[in-house]
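Here is a friendly walk through a protein chain, written for someone new to reading structures. Take a moment to look it over before you read on.

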Amino acid sequence: MELQNDDVLYAGGASNGQGMPQAAPVQSGGFIFNGGTQEGYRQMVQFTGSGWELFKIWIVNFLLTILTLGIYHFWAKVRVRKYLWAHTVVEGEPLEYTGTGKELFFGFLIVVGVFILYMVAQVLLERIHPGLSALAVLVLMPFWFFATYRAIRYRLTRTRWRGIRFNLSGSAWKYMFVAMGQALLNLITLMLWYPKSRAVISNRIVNNMWYGKRRFWFTGKAKPLYISFLVAVLGVAAFGAAGFILSDLPAALSLLNGNPGEDAAKAFGKAMLVFYGMVFLGSMFSYWFFGVYIRWQVANTRFPDIRLRSVVTGRGLLWLQLSNLLLLICTLGLATPWLVTRAMRYYLNTMEVEGSLDYVHLEQDAQEAPIYGEGFFEAFDVDLAV
């Protein structure tokens with residue numbers, strides 16, 4: 001029987017007495033989560049990695065990357081991913097990362113070649129007319145969206161669970177045009193379209209995601225996001241306006257321009273500190289939105305036989321970000337592996353599931369996987385997540 005989008009089957013679970021396992025409470029970098037026994041949900045993912053183990057990989061990678069003048073960077077990234085994937089345990093089975101440094105390196109070389117051609121074209125256009133070279137810059141923006149979709153596809157096809165890989169079908173070109181349209185609408189509406197754009201983008205990506213021969217689908221609508229989004233925007237705007245008034249920034253700037261000196265510089269520095277301090281306080285409202293957004297994203301991502309949810313909170317996200325920032329500053333970056341494992345533990349250990357997968361009928365699909373790595377993102381050393 002072909003499953004349709006609304007055919008969510010709830011086959012058992014802890015609440016119906018059919019013997020589903022229930023995870024023990026998990027401590028997650030300062031956050032304690034219950035295994036999730038309410039309403040039939042149980043903990044789905046457990047991250048078992050440690051900062052110290054990742055640090056040993058990280059420091060060797062760092063030294064080898066320096067000794068090889070950066071070439072080892074691609075193999076270093078694969079070592080880190082293999083560790084993180086192997087310590088991400090889903091329903092008792094770890095993920096497996098099958099990508100290679102060679103794939104990432106060749107993807108990088110291809111994009112470097114494309115950029116050399118782009119630079120040559122830009123110089124030629126500059127000679128024809130100065131304005132044409134500026135237009136050429138706009139080509140990079142759609143290319144970013146195109147590369148994003150390709151990078152997600154690469155990582156999914158290099159991720160296996162129980163020997164079966166994930167995949168992403170659909171056209172990266174179509175995604176590029178959809179994402180460009182949403183970016184334009186966000187610009188025109190001064191970002192008021194943003195929740196709607198997230199629903200459109202999530203729909204485009206999740207509806208093309210596969211695990212073996214089974215497809216994910218997305219059911220989210222933008223409406224539940226708008227209240228928290230508007231509160232976040234108004235919070236930043238209100239605190240920013242209050243900071244502008246309290247700091248008397250125009251007067252401090254006028255003093256600096258009219259009578260440059262140590263006192264004027266101190267007054268300007270103090271005004272900037274007050275202004276940005278208030279903006280920072282206002283930005284804390286955004287964590288409420290991010291918490292709502294993550295829960296919305298997970299709850300509306302569907303897969304046959306199961307239903308997902310996340311129990312992250314805005315307060316938990318705020319504490320994670322602030323404490324990680326403090327650790328990063330105090331250790332001059334040496335705590336980076338611990339920050340990564342703390343974040344992984346927080347996001348993954350808060351994932352819960354209801355229902356049970358039909359393991360008997362899980363099969364590998366026959367869709368093609370990309371040959372090379374993430375190209376554009378390797379060229380700029382950009383990570384989508386890790």
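Predicted model: local features only at pLDDT ≥ 70, side-chain atom pairs only at ≥ 80, totals over all residues.

The strands include an open sheet of 7 and an open sheet of 5, and the largest nonpolar core holds 61 residues.

**The sheet of seven strands**

- Follow the order β4-β5-β6-β7-β8-β9-β10 to trace this open sheet, in which the pairing is antiparallel.
- Its edge strands are β4 (45-47) and β10 (214-215), and each of them pairs on one side only.
- Strand β5 (residues 88-90) pairs with strand β6 (residues 93-97) in the antiparallel sense over 2 bridges, and valine 90 stands opposite glutamate 93 in β6.
- The hairpin of β5 and β6 has 2 residues between the strands, and glutamate 91 takes a positive phi near 50° there.
- Moving along, β6 is joined by 3 bridges to strand β7 (residues 159-161), and the two run antiparallel. Tyrosine 97 has threonine 159 in β7 as its bridge partner.
- Strand β8 (residues 164-168) and strand β9 (residues 209-211) are an antiparallel pair with 3 bridges. Here phenylalanine 166 has tyrosine 211 in β9 as its bridge partner.

**The sheet of five strands**

- This open sheet runs in the order β3-β14-β13-β12-β11, again with antiparallel pairing.
- At the edges stand β3 and β11 (217-218), each with a single partner strand, so one side of each is left without a neighbour in the sheet.
- Strand β14 is mostly covered, with 5 of its 5 residues buried.
- On one pairing, β14 is joined to strand β3 (residues 42-43) by 2 antiparallel bridges, and glutamine 43 has glutamate 352 in β14 as its bridge partner.
- Strand β12 (residues 301-303) pairs with β13 over 2 antiparallel bridges, and the bridge partner of phenylalanine 303 in β13 is isoleucine 306.

**The nonpolar core**

- In soluble globular proteins, nonpolar side chains tend to be buried together.
- Which residues touch the most other members of the largest nonpolar core? They are Ile205 and Tyr211. Helix α11 (residues 285-299) gives the most to this core, with 7 residues.
- Beyond its neighbours within four places in sequence, tyrosine 211 is in contact with residues including Trp161, Phe166, Phe216, Phe303 and Leu362.

**A tyrosine in a loop**

- Look for tyrosine 359 in the loop between β14 (351-355) and α14 (376-379).
- Is tyrosine 359 buried, exposed or partly exposed? Tyrosine 359 counts as partly exposed because its relative accessibility is 31%, and that class lies between the cut-offs of 20% and 50%.
- Leaving out residues up to four places away in sequence, tyrosine 359 touches Glu91, Trp161 and Arg162.
- Tyrosine 359 and arginine 162 are 197 residues apart along the chain, and their C-alpha atoms are separated by 9.5 Å.

- Leu184, Leu185, Leu187 and Ile188 make a nonpolar surface patch of about 410 Å².
- Leucine 184 lies in helix α6 (residues 172-188), and because its relative accessibility is 49%, leucine 184 counts as partly exposed.

Definitions and conventions:
Residues numbered from 1 in each chain as written. Heavy atoms only, no water. Core = buried A, V, L, I, M, F, W, Y, C linked by side-chain atoms within 4.5 Å. Buried < 20%, exposed > 50% of the residue type's maximum accessible area, 1.4 Å probe, protein only. Helix = DSSP H or I, 4+ residues; strand = E, 2+ residues; numbered from the N terminus. Contact = heavy atoms within 4.5 Å. Pairing = 2+ DSSP bridges. Patch = residues over 30% accessible without salt bridge, like charges linked within 9 Å, V, L, I, M, F, W, Y side chains within 5 Å. Areas by Shrake-Rupley, 256 points an atom, 1.4 Å probe, with all protein chains shown as cover. Salt bridge = Lys/Arg side-chain N within 4 Å of Asp/Glu carboxyl O.
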